[in-house]
Amino acid sequence: MTTATTTIEPTATRADWPFVAAAVLATALLIALVLIDGQPASAALLVLGFGLGVAFLKAEFSFTASWRRFIVRGEAGGMMAILLLIALTAVAVVPVAATSPHYGGAIAPLGISLVVGSFVFGIGMQLANGCGSGTLYTVGGGSGRMLFALAFFIAGSVLGSMSLGTFLRFGGIDPVLASDHLGPWGGLAATLASIGVAALIVRAVARSRGASIVPRRSFLVGAVIIAALMVGTFFAGGHPWSVTFGYTVWGAKIAQAFGLDLSQYDFWQWPGPQHALTDSVLGDTSSLTDFGMIFGAMAAAAYTKPFAHGPWPPARSILAACIGGLLMGWGARLGFGCNIGAFVGGVASGSLHGWVWFVCALAGCAAGIRLRPWFGLSRE
Amino acid sequence: MRAVYALVIVIGVAAILWDHVTSPSIGRAVSPEDFAGACAPCGAPCPSKK
(Lines give C-alpha, C1' and ligand atoms only; values in the text may rest on other atoms or scores of the structure.)
Protein backbone atom coordinates (compact mmCIF):
# COMPACT_ATOMS: atom_id res chain seq x y z
CA MET A 1 0.00 0.00 0.00
CA THR A 2 1.26 3.38 -0.85
CA THR A 3 0.41 6.47 1.05
CA ALA A 4 0.21 9.86 -0.50
CA THR A 5 2.27 12.35 1.34
CA THR A 6 2.09 16.08 1.08
CA THR A 7 5.26 17.97 1.58
CA ILE A 8 4.72 21.35 3.13
CA GLU A 9 7.47 23.74 2.12
CA PRO A 10 8.48 26.15 4.85
CA THR A 11 7.64 29.70 3.88
CA ALA A 12 11.15 31.02 3.83
CA THR A 13 12.08 34.51 2.77
CA ARG A 14 14.90 34.47 0.30
CA ALA A 15 16.81 37.29 1.91
CA ASP A 16 19.76 38.70 0.02
CA TRP A 17 21.86 39.25 3.09
CA PRO A 18 24.85 41.08 1.52
CA PHE A 19 22.57 43.85 0.28
CA VAL A 20 20.47 43.89 3.47
CA ALA A 21 23.70 44.24 5.45
CA ALA A 22 25.07 46.91 3.08
CA ALA A 23 21.89 49.01 3.43
CA VAL A 24 21.74 48.70 7.22
CA LEU A 25 25.48 49.31 7.69
CA ALA A 26 25.48 52.34 5.37
CA THR A 27 22.58 53.86 7.31
CA ALA A 28 24.25 53.07 10.63
CA LEU A 29 27.47 54.70 9.40
CA LEU A 30 25.65 57.91 8.42
CA ILE A 31 23.78 57.94 11.74
CA ALA A 32 27.09 57.54 13.58
CA LEU A 33 28.61 60.45 11.64
CA VAL A 34 25.80 62.87 12.51
CA LEU A 35 25.70 61.69 16.12
CA ILE A 36 29.45 62.32 16.42
CA ASP A 37 28.59 65.90 15.41
CA GLY A 38 25.96 65.92 18.19
CA GLN A 39 22.95 66.07 15.85
CA PRO A 40 20.18 63.74 17.04
CA ALA A 41 17.63 65.47 14.75
CA SER A 42 19.76 64.54 11.74
CA ALA A 43 19.90 60.95 12.95
CA ALA A 44 16.12 61.02 13.28
CA LEU A 45 15.78 62.24 9.68
CA LEU A 46 17.93 59.33 8.48
CA VAL A 47 15.83 56.85 10.47
CA LEU A 48 12.56 58.41 9.27
CA GLY A 49 13.85 58.33 5.69
CA PHE A 50 14.72 54.64 6.16
CA GLY A 51 11.16 54.03 7.39
CA LEU A 52 9.74 55.93 4.40
CA GLY A 53 11.77 53.73 2.05
CA VAL A 54 10.39 50.59 3.68
CA ALA A 55 6.82 51.94 3.71
CA PHE A 56 6.82 53.15 0.10
CA LEU A 57 8.31 49.89 -1.16
CA LYS A 58 6.08 47.54 0.82
CA ALA A 59 2.91 49.51 -0.02
CA GLU A 60 4.11 50.11 -3.61
CA PHE A 61 2.89 53.65 -3.00
CA SER A 62 3.22 55.15 -6.46
CA PHE A 63 2.06 58.65 -7.36
CA THR A 64 2.95 58.06 -11.02
CA ALA A 65 0.88 54.88 -11.45
CA SER A 66 -2.04 56.31 -9.45
CA TRP A 67 -2.19 59.43 -11.59
CA ARG A 68 -1.86 57.38 -14.78
CA ARG A 69 -4.71 55.04 -13.74
CA PHE A 70 -6.85 58.07 -12.97
CA ILE A 71 -6.12 59.77 -16.31
CA VAL A 72 -6.35 56.66 -18.49
CA ARG A 73 -9.10 54.66 -16.79
CA GLY A 74 -10.64 57.04 -14.28
CA GLU A 75 -9.62 54.80 -11.38
CA ALA A 76 -9.46 56.97 -8.30
CA GLY A 77 -8.39 54.60 -5.51
CA GLY A 78 -4.76 55.73 -5.59
CA MET A 79 -5.74 59.39 -5.75
CA MET A 80 -8.02 58.97 -2.73
CA ALA A 81 -5.20 57.41 -0.71
CA ILE A 82 -2.88 60.27 -1.69
CA LEU A 83 -5.50 62.85 -0.59
CA LEU A 84 -5.86 60.97 2.71
CA LEU A 85 -2.08 61.13 3.17
CA ILE A 86 -2.13 64.91 2.60
CA ALA A 87 -5.09 65.48 4.94
CA LEU A 88 -3.45 63.52 7.78
CA THR A 89 -0.20 65.42 7.32
CA ALA A 90 -2.00 68.77 7.21
CA VAL A 91 -3.55 68.17 10.63
CA ALA A 92 -0.07 68.48 12.17
CA VAL A 93 1.65 70.84 9.75
CA VAL A 94 -0.83 73.73 9.34
CA PRO A 95 -1.41 74.63 13.02
CA VAL A 96 2.16 73.96 14.19
CA ALA A 97 3.77 75.90 11.32
CA ALA A 98 1.37 78.79 11.97
CA THR A 99 1.97 79.00 15.71
CA SER A 100 5.59 77.94 16.36
CA PRO A 101 8.56 80.03 15.21
CA HIS A 102 10.66 76.83 15.04
CA TYR A 103 8.56 75.31 12.26
CA GLY A 104 7.51 76.40 8.80
CA GLY A 105 5.31 75.14 6.01
CA ALA A 106 6.25 74.42 2.40
CA ILE A 107 5.41 77.68 0.66
CA ALA A 108 6.27 78.98 -2.81
CA PRO A 109 5.35 81.89 -5.06
CA LEU A 110 2.81 81.60 -7.87
CA GLY A 111 3.96 82.38 -11.38
CA ILE A 112 5.19 81.20 -14.78
CA SER A 113 8.03 79.26 -13.19
CA LEU A 114 5.63 77.15 -11.10
CA VAL A 115 3.29 76.45 -14.02
CA VAL A 116 6.01 75.54 -16.53
CA GLY A 117 8.06 73.56 -14.03
CA SER A 118 5.20 71.42 -12.72
CA PHE A 119 3.89 70.72 -16.25
CA VAL A 120 7.32 69.59 -17.43
CA PHE A 121 7.72 67.54 -14.25
CA GLY A 122 4.44 65.75 -15.05
CA ILE A 123 5.70 64.75 -18.50
CA GLY A 124 8.93 63.47 -16.99
CA MET A 125 7.06 61.48 -14.33
CA GLN A 126 5.31 59.36 -16.91
CA LEU A 127 8.39 58.83 -19.07
CA ALA A 128 10.61 57.88 -16.14
CA ASN A 129 7.77 55.94 -14.52
CA GLY A 130 8.44 57.46 -11.14
CA CYS A 131 8.37 60.84 -9.39
CA GLY A 132 10.75 62.23 -6.76
CA SER A 133 9.91 59.72 -4.02
CA GLY A 134 9.22 56.99 -6.58
CA THR A 135 12.69 57.36 -8.04
CA LEU A 136 14.22 57.03 -4.58
CA TYR A 137 12.39 53.90 -3.54
CA THR A 138 12.67 52.12 -6.89
CA VAL A 139 16.39 52.86 -7.05
CA GLY A 140 16.64 51.49 -3.52
CA GLY A 141 14.42 48.60 -4.58
CA GLY A 142 16.89 47.41 -7.19
CA SER A 143 15.60 48.89 -10.46
CA GLY A 144 18.55 49.38 -12.81
CA ARG A 145 16.33 51.47 -15.08
CA MET A 146 15.71 53.95 -12.27
CA LEU A 147 19.44 54.33 -11.63
CA PHE A 148 19.50 56.10 -15.00
CA ALA A 149 16.42 58.12 -14.07
CA LEU A 150 18.06 59.26 -10.82
CA ALA A 151 21.34 60.21 -12.52
CA PHE A 152 19.49 62.33 -15.10
CA PHE A 153 17.13 63.71 -12.42
CA ILE A 154 20.22 65.01 -10.61
CA ALA A 155 21.66 66.47 -13.82
CA GLY A 156 18.31 68.04 -14.73
CA SER A 157 17.94 69.65 -11.35
CA VAL A 158 21.33 71.35 -11.72
CA LEU A 159 20.22 72.65 -15.12
CA GLY A 160 16.99 73.79 -13.46
CA SER A 161 18.96 75.68 -10.82
CA MET A 162 20.68 77.55 -13.66
CA SER A 163 17.31 78.44 -15.27
CA LEU A 164 15.23 79.33 -12.22
CA GLY A 165 16.51 82.89 -11.84
CA THR A 166 15.57 83.68 -15.45
CA PHE A 167 12.04 82.34 -15.01
CA LEU A 168 11.52 84.19 -11.74
CA ARG A 169 12.27 87.46 -13.54
CA PHE A 170 8.95 87.03 -15.37
CA GLY A 171 7.38 87.95 -12.04
CA GLY A 172 4.81 86.29 -9.83
CA ILE A 173 2.68 86.50 -6.73
CA ASP A 174 3.94 85.99 -3.20
CA PRO A 175 2.92 82.70 -1.52
CA VAL A 176 -0.74 82.43 -0.53
CA LEU A 177 -0.98 80.59 2.77
CA ALA A 178 -4.38 79.76 4.27
CA SER A 179 -3.23 80.26 7.87
CA ASP A 180 -1.94 83.77 7.07
CA HIS A 181 -5.50 84.84 6.27
CA LEU A 182 -7.60 82.58 8.50
CA GLY A 183 -5.35 81.79 11.47
CA PRO A 184 -4.01 78.33 12.39
CA TRP A 185 -7.35 76.56 12.86
CA GLY A 186 -9.22 78.42 10.14
CA GLY A 187 -6.29 77.68 7.85
CA LEU A 188 -6.48 73.99 8.74
CA ALA A 189 -10.25 73.95 8.14
CA ALA A 190 -9.77 75.62 4.73
CA THR A 191 -6.99 73.16 3.84
CA LEU A 192 -9.06 70.12 4.79
CA ALA A 193 -12.04 71.59 2.92
CA SER A 194 -9.92 72.04 -0.22
CA ILE A 195 -8.79 68.41 0.04
CA GLY A 196 -12.43 67.37 0.47
CA VAL A 197 -13.44 69.30 -2.66
CA ALA A 198 -10.60 67.64 -4.59
CA ALA A 199 -11.80 64.22 -3.37
CA LEU A 200 -15.35 65.03 -4.55
CA ILE A 201 -14.09 66.06 -7.99
CA VAL A 202 -11.94 62.91 -8.25
CA ARG A 203 -14.92 60.78 -7.19
CA ALA A 204 -17.19 62.46 -9.72
CA VAL A 205 -14.69 61.81 -12.53
CA ALA A 206 -14.32 58.16 -11.48
CA ARG A 207 -18.11 57.68 -11.25
CA SER A 208 -18.67 59.27 -14.66
CA ARG A 209 -16.25 56.74 -16.16
CA GLY A 210 -17.62 53.79 -14.19
CA ALA A 211 -14.32 53.30 -12.39
CA SER A 212 -13.48 52.36 -8.81
CA ILE A 213 -12.84 54.94 -6.10
CA VAL A 214 -11.75 52.48 -3.41
CA PRO A 215 -8.01 52.29 -2.67
CA ARG A 216 -6.23 48.94 -2.26
CA ARG A 217 -5.85 48.04 1.39
CA SER A 218 -2.03 48.16 1.19
CA PHE A 219 -2.26 51.64 -0.34
CA LEU A 220 -4.55 52.82 2.44
CA VAL A 221 -2.33 51.42 5.18
CA GLY A 222 0.68 52.86 3.35
CA ALA A 223 -0.92 56.31 3.27
CA VAL A 224 -1.46 56.28 7.04
CA ILE A 225 2.07 55.06 7.81
CA ILE A 226 3.68 57.47 5.35
CA ALA A 227 1.64 60.35 6.83
CA ALA A 228 2.92 59.45 10.31
CA LEU A 229 6.50 59.38 9.02
CA MET A 230 5.99 62.69 7.19
CA VAL A 231 4.77 64.28 10.40
CA GLY A 232 7.86 62.88 12.14
CA THR A 233 10.05 64.38 9.40
CA PHE A 234 8.32 67.73 9.86
CA PHE A 235 9.06 67.76 13.58
CA ALA A 236 12.66 66.57 13.13
CA GLY A 237 13.52 68.89 10.25
CA GLY A 238 11.34 71.91 10.98
CA HIS A 239 9.71 71.81 7.53
CA PRO A 240 7.61 69.33 5.55
CA TRP A 241 9.58 66.55 3.87
CA SER A 242 11.20 67.50 0.58
CA VAL A 243 13.15 65.35 -1.84
CA THR A 244 14.56 67.17 -4.83
CA PHE A 245 16.67 69.91 -3.24
CA GLY A 246 19.04 67.15 -2.17
CA TYR A 247 19.43 66.03 -5.79
CA THR A 248 20.34 69.58 -6.81
CA VAL A 249 22.97 69.81 -4.10
CA TRP A 250 24.51 66.43 -5.04
CA GLY A 251 24.63 67.39 -8.71
CA ALA A 252 26.07 70.81 -7.99
CA LYS A 253 28.80 69.33 -5.78
CA ILE A 254 29.72 66.87 -8.55
CA ALA A 255 29.65 69.63 -11.18
CA GLN A 256 31.82 71.81 -8.97
CA ALA A 257 34.29 68.96 -8.48
CA PHE A 258 34.66 68.89 -12.27
CA GLY A 259 35.38 72.61 -12.35
CA LEU A 260 31.95 74.07 -13.15
CA ASP A 261 31.52 77.48 -11.53
CA LEU A 262 27.91 77.84 -10.40
CA SER A 263 28.37 81.05 -8.43
CA GLN A 264 27.28 83.20 -11.41
CA TYR A 265 23.72 81.83 -11.25
CA ASP A 266 21.07 83.52 -9.08
CA PHE A 267 20.10 80.24 -7.45
CA TRP A 268 23.55 79.63 -6.02
CA GLN A 269 23.78 83.19 -4.69
CA TRP A 270 20.74 82.76 -2.45
CA PRO A 271 21.80 82.04 1.17
CA GLY A 272 20.20 78.58 1.44
CA PRO A 273 21.62 76.95 -1.69
CA GLN A 274 24.96 78.72 -1.20
CA HIS A 275 25.21 77.30 2.27
CA ALA A 276 24.19 73.82 1.14
CA LEU A 277 26.86 73.81 -1.55
CA THR A 278 29.67 74.54 0.88
CA ASP A 279 28.39 72.60 3.90
CA SER A 280 28.48 68.83 4.39
CA VAL A 281 25.79 66.99 2.47
CA LEU A 282 24.79 65.55 5.87
CA GLY A 283 23.88 69.08 6.94
CA ASP A 284 21.01 69.20 4.43
CA THR A 285 17.65 67.88 5.67
CA SER A 286 16.53 66.82 2.20
CA SER A 287 19.68 64.76 1.58
CA LEU A 288 19.39 63.03 4.95
CA THR A 289 15.90 61.69 4.26
CA ASP A 290 16.86 60.83 0.67
CA PHE A 291 19.80 58.69 1.81
CA GLY A 292 17.68 57.02 4.47
CA MET A 293 14.92 56.30 1.96
CA ILE A 294 17.22 54.67 -0.59
CA PHE A 295 18.78 52.42 2.03
CA GLY A 296 15.42 51.64 3.65
CA ALA A 297 13.94 50.53 0.34
CA MET A 298 17.10 48.54 -0.38
CA ALA A 299 16.95 46.72 2.95
CA ALA A 300 13.23 45.95 2.49
CA ALA A 301 13.68 44.74 -1.10
CA ALA A 302 16.76 42.64 -0.38
CA TYR A 303 15.11 41.10 2.68
CA THR A 304 12.34 39.52 0.61
CA LYS A 305 14.08 38.43 -2.61
CA PRO A 306 17.41 38.42 -4.43
CA PHE A 307 18.35 42.04 -4.98
CA ALA A 308 18.65 43.57 -8.46
CA HIS A 309 18.49 40.17 -10.12
CA GLY A 310 16.40 41.15 -13.14
CA PRO A 311 17.83 41.80 -16.58
CA TRP A 312 18.51 45.32 -17.83
CA PRO A 313 15.46 46.76 -19.62
CA PRO A 314 15.44 47.55 -23.36
CA ALA A 315 17.46 50.54 -24.53
CA ARG A 316 14.32 52.52 -25.47
CA SER A 317 12.97 52.11 -21.95
CA ILE A 318 16.28 53.33 -20.51
CA LEU A 319 16.17 56.29 -22.90
CA ALA A 320 12.70 57.17 -21.57
CA ALA A 321 14.05 56.98 -18.01
CA CYS A 322 16.91 59.33 -18.91
CA ILE A 323 14.67 61.87 -20.65
CA GLY A 324 12.05 61.59 -17.92
CA GLY A 325 14.67 62.06 -15.21
CA LEU A 326 16.09 65.12 -16.96
CA LEU A 327 12.63 66.69 -17.35
CA MET A 328 11.72 65.96 -13.74
CA GLY A 329 14.95 67.47 -12.45
CA TRP A 330 14.54 70.66 -14.48
CA GLY A 331 10.82 70.82 -13.73
CA ALA A 332 11.29 70.25 -10.01
CA ARG A 333 13.60 73.24 -9.70
CA LEU A 334 11.29 75.55 -11.64
CA GLY A 335 8.16 74.14 -9.97
CA PHE A 336 9.63 74.38 -6.42
CA GLY A 337 9.67 70.64 -5.81
CA CYS A 338 8.12 67.32 -6.73
CA ASN A 339 5.02 65.41 -5.68
CA ILE A 340 6.35 65.39 -2.14
CA GLY A 341 7.85 68.86 -1.61
CA ALA A 342 5.45 70.86 -3.78
CA PHE A 343 2.20 68.88 -3.90
CA VAL A 344 1.98 66.94 -0.62
CA GLY A 345 4.08 69.42 1.38
CA GLY A 346 2.49 72.47 -0.23
CA VAL A 347 -1.13 71.40 0.16
CA ALA A 348 -0.49 70.00 3.65
CA SER A 349 0.90 73.43 4.60
CA GLY A 350 -2.20 75.18 3.30
CA SER A 351 -0.24 76.84 0.48
CA LEU A 352 -2.07 77.54 -2.77
CA HIS A 353 0.98 76.67 -4.85
CA GLY A 354 0.46 72.99 -3.97
CA TRP A 355 -2.85 72.90 -5.84
CA VAL A 356 -1.48 74.87 -8.79
CA TRP A 357 1.41 72.40 -8.96
CA PHE A 358 -1.02 69.46 -8.88
CA VAL A 359 -3.24 70.73 -11.72
CA CYS A 360 -0.28 71.58 -13.98
CA ALA A 361 1.58 68.35 -13.22
CA LEU A 362 -1.58 66.33 -13.90
CA ALA A 363 -1.83 68.03 -17.31
CA GLY A 364 1.84 67.23 -17.90
CA CYS A 365 1.16 63.60 -16.97
CA ALA A 366 -1.60 63.44 -19.59
CA ALA A 367 0.91 64.65 -22.19
CA GLY A 368 3.58 62.27 -20.91
CA ILE A 369 1.21 59.29 -21.15
CA ARG A 370 0.75 60.06 -24.87
CA LEU A 371 4.53 59.95 -25.32
CA ARG A 372 5.06 56.62 -23.52
CA PRO A 373 4.37 54.36 -26.55
CA TRP A 374 7.24 56.10 -28.43
CA PHE A 375 9.57 54.40 -25.95
CA GLY A 376 7.85 51.04 -25.95
CA LEU A 377 6.03 51.78 -22.69
CA SER A 378 2.38 50.94 -22.16
CA ARG A 379 -0.09 53.83 -21.85
CA GLU A 380 -1.65 51.90 -18.97
CA MET B 1 23.02 44.57 -12.44
CA ARG B 2 24.07 43.45 -8.95
CA ALA B 3 27.67 44.35 -9.66
CA VAL B 4 26.65 47.81 -10.87
CA TYR B 5 24.57 48.30 -7.73
CA ALA B 6 27.43 47.18 -5.49
CA LEU B 7 29.71 49.66 -7.24
CA VAL B 8 27.15 52.49 -6.94
CA ILE B 9 26.74 51.83 -3.21
CA VAL B 10 30.50 51.83 -2.58
CA ILE B 11 31.12 54.98 -4.65
CA GLY B 12 28.06 56.71 -3.19
CA VAL B 13 28.93 56.05 0.44
CA ALA B 14 32.58 56.94 -0.18
CA ALA B 15 31.49 60.23 -1.80
CA ILE B 16 29.25 61.08 1.17
CA LEU B 17 32.09 60.34 3.60
CA TRP B 18 34.60 62.37 1.57
CA ASP B 19 32.20 65.30 1.33
CA HIS B 20 31.42 65.17 5.04
CA VAL B 21 35.03 65.14 6.23
CA THR B 22 36.20 67.82 3.78
CA SER B 23 33.29 70.26 4.27
CA PRO B 24 32.68 72.67 7.12
CA SER B 25 29.59 71.97 9.15
CA ILE B 26 27.55 74.38 11.23
CA GLY B 27 26.07 71.44 13.08
CA ARG B 28 22.29 71.36 12.88
CA ALA B 29 20.90 70.14 9.57
CA VAL B 30 19.05 72.91 7.77
CA SER B 31 16.97 73.46 4.67
CA PRO B 32 17.13 76.59 2.46
CA GLU B 33 13.81 77.75 3.96
CA ASP B 34 15.62 78.34 7.26
CA PHE B 35 17.51 81.31 5.81
CA ALA B 36 16.23 84.88 5.87
CA GLY B 37 14.32 85.97 2.78
CA ALA B 38 13.49 82.44 1.62
CA CYS B 39 10.10 82.19 -0.02
CA ALA B 40 10.26 78.61 -1.34
CA PRO B 41 11.70 75.23 -0.31
CA CYS B 42 14.76 75.92 -2.49
CA GLY B 43 15.39 79.31 -0.87
CA ALA B 44 14.12 81.47 -3.74
CA PRO B 45 13.16 85.02 -2.68
CA CYS B 46 9.58 86.35 -2.81
CA PRO B 47 8.58 88.21 -5.98
CA SER B 48 7.69 91.27 -3.86
CA LYS B 49 11.24 91.45 -2.45
CA LYS B 50 12.89 92.05 -5.82
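Two residues are in contact here if their C-beta atoms, placed from the backbone, lie within 7 Å. The model shown in these close-ups is a predicted one.

**View 1. Helix 3 of chain A against helix 4 of chain A.** By that contact rule, Phe63(A), Ala65(A), Ser66(A), Arg69(A) and Phe70(A) on the helix 3 side meet Gly78(A), Met79(A) and Ile82(A) on the helix 4 side. Sorted by class, the residues of this contact come out as five nonpolar, two polar and one charged. The two axes come within 7 Å and cross at roughly 130°, so helix 3 and helix 4 of chain A count as oblique to each other.

**View 2. Zooming in on Ser66(A).** Ser66(A) sits in helix 3 of chain A, which runs over residues 63-73. Is Ser66(A) buried or exposed? With 21 other C-beta atoms within 10 Å, Ser66(A) is buried, because the cut-off for that label is 20 or more. Leaving out residues up to four places away in sequence, Ser66(A) touches Gly78(A), Met79(A) and Ile82(A). Take Gly78(A): twelve residues separate it from Ser66(A) in sequence, yet C-alpha to C-alpha the two are 4.8 Å apart in space.

**View 3. Helix 7 of chain A meets helix 10 of chain A.** Here helix 7 (residues 144-168) and helix 10 (residues 244-257) of chain A pack at an angle of about 85°, with 8 Å between their axes. That makes the pair roughly perpendicular, because angles of 65 to 115 degrees get that label. The contact residues divide into eight nonpolar, five polar and no charged. Helix 7 of chain A brings Phe153(A), Ile154(A), Ala155(A), Ser157(A), Val158(A) and Ser161(A) to the contact.

**View 4. Inside the largest nonpolar core.** Which residues touch the most other members of this core? Out of its 143 residues, that would be Ile86(A), Ile226(A) and Ala297(A). The biggest contribution comes from helix 4 of chain A (residues 77-99), which puts in 14 residues. Around Ala297(A), again skipping anything up to four places away in sequence, the neighbours are Gly53(A), Val54(A), Phe56(A), Leu57(A), Leu136(A), Tyr137(A), Gly140(A) and Gly141(A).

**View 5. Chain A as the setting for these close-ups.** Chain A has 15 helices and two strands, and 59% of its 380 residues count as buried. Look at contacts between residues at least 6 apart in sequence, and 85% of them join residues at least 24 apart. The C-alpha trace spans about 90 × 55 × 45 Å along its principal axes. The radius of gyration of chain A is 21 Å, which agrees with the value near 21 Å for a compact globule of 380 residues.

**View 6. Chain B where it touches chain A.** In this contact, 35 residues of chain B go with 57 residues of chain A. The chain B side consists of 23 nonpolar, seven polar and five charged residues. Chain B itself has one helix and zero strands, and 26% of its 50 residues count as buried. A compact globule of 50 residues would come in near 10 Å for the radius of gyration, but chain B has 17 Å. Along its principal axes, the C-alpha trace of chain B spans about 50 × 25 × 15 Å.

Terms used: Residues numbered from 1 in each chain as written. Chains lettered and ligands numbered in written order. Predicted model: local features only at pLDDT ≥ 70, side-chain atom pairs only at ≥ 80, totals over all residues. Nonpolar A, V, L, I, M, F, W, Y, C, P; charged D, E, K, R; others polar. Core = buried A, V, L, I, M, F, W, Y, C linked by C-beta atoms within 7 Å. Buried ≥ 20, exposed ≤ 12 C-beta atoms within 10 Å, placed from the backbone. Helix = DSSP H or I, 4+ residues; strand = E, 2+ residues; numbered from the N terminus. Rg over C-alpha atoms; globule rule 2.2 N^0.38 Å. Axes fitted to C-alpha atoms, helices over the stretch in contact; angles between N-to-C directions. Parallel < 35°, antiparallel > 145°, perpendicular 65-115°, else oblique.
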